Amino acid sequence: MATYNVENFFDAVYQGTEYKEYTPGKHNWNKRMVDIKLNHTAEVICDLNADILGLQEVENSHILHQLMRRLKKVGCSYKYSAITDKKNASIQVALLSHYPIKKQYDIQVSFSERVRSILEVEVDIEGESITLFVNHWKSKAYKGYKSKRIEYAKALQSRILKMPDTKEYIILGDFKKKKPAPPNGSRLKIHYAHLGYYKKLQVVIYSKKDFEILE
């Protein structure tokens, strides 16, 4: 299991919600650039070889399905997928899985289009059900804007506390949390979970008793 921030993964179809530098036909963002991005992203995902993969900064289901077709073409196909559907948001979070997805749900953190939803997915792994939460938290306060990190943590905590005590779950994603800089890929302790992986590959496992809300 892994999580990967694909960084500004936009298609070449105008939606009106793109970041201005990724508006199709402007700033050199076109079908050729999207094709290059698809190839590079597929290469990384194939190297990861994860059974379940959380993704951040995916524009929409259209580019996600393009990615799935590209992965199939190069021999790294995923049969199941899920993605949030936050209205008017520039980017979403998504999940690819070799295992069947039984349910999916968007956890809304804020009505603001700038604040991304959390994706909740229930996956069936050989008859066992596990819930995954894919996150892409906003950065800390910036240029006068109040940090939304507490809102993310509260929304996630509220959902987890409603789950049965016996329910198994994993929290993964990009939490925009600065860490010490060990060699890339090495294991390290992090403030809000038992175990993480440095930089773009992180796996975060919680238990309720260890859940804290931190600035």
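Biologist: In this predicted model, which exposed residues does the face of α1 turned away from its buried side carry?

Modeller: That face carries R32 and D47, both exposed. The helix itself covers residues 31–48, 18 residues in total. From first C-alpha to last, α1 reaches 26 Å, close to the 26 Å expected at 1.5 Å a residue.

Biologist: Which residues of α1 are buried, and why do they line one face of the helix?

Modeller: The general idea comes before the case. An α-helix has 3.6 residues a turn, so residues three or four places apart point the same way. In α1 the buried residues are V34, L38, T41, A42 and I45. Viewed down the axis of α1, these buried residues fall within an arc of 105 degrees, so they line one face.

Biologist: Take T41, in helix α1. Why does T41 count as buried, and with which residues is T41 in contact, leaving aside neighbours within four places in sequence?

Modeller: Buried means under 20% relative accessible area. T41 has 2% relative accessibility, so it counts as buried. With those sequence neighbours set aside, T41 is in contact with Y4, V6, F9 and L67.

Biologist: Which residue caps the N-terminal end of α1, and what follows α1?

Modeller: N30 is the N-terminal cap, with a side-chain oxygen 3.1 Å from the backbone nitrogen of R32. R32 is also one of the exposed residues on the face turned away from the buried side. After α1 comes N49, whose phi is positive, near 55 degrees.

Notes:
Residues are numbered from 1 along each chain as its sequence is written. This is a predicted model: local features need pLDDT of at least 70, side-chain atom pairs count only at pLDDT 80 or more; totals for chains, interfaces and linings use all residues. Side-chain values use heavy atoms; hydrogens and water are left out. Helices (H or I, at least four residues) and strands (E, at least two) are DSSP runs, numbered from the N terminus. The expected span of a helix is 1.5 Å times one less than its number of residues. Buried means under 20% relative accessible area, exposed over 50%, partly exposed in between (1.4 Å probe, protein chains only). The arc is that of the directions from the helix axis to the C-beta atoms. A polar contact is a pair of N or O atoms within 3.5 Å; within protein, one must be able to donate a hydrogen and the other to accept it, and residues adjacent in sequence count only if both atoms are side-chain atoms. Contact means heavy atoms within 4.5 Å.
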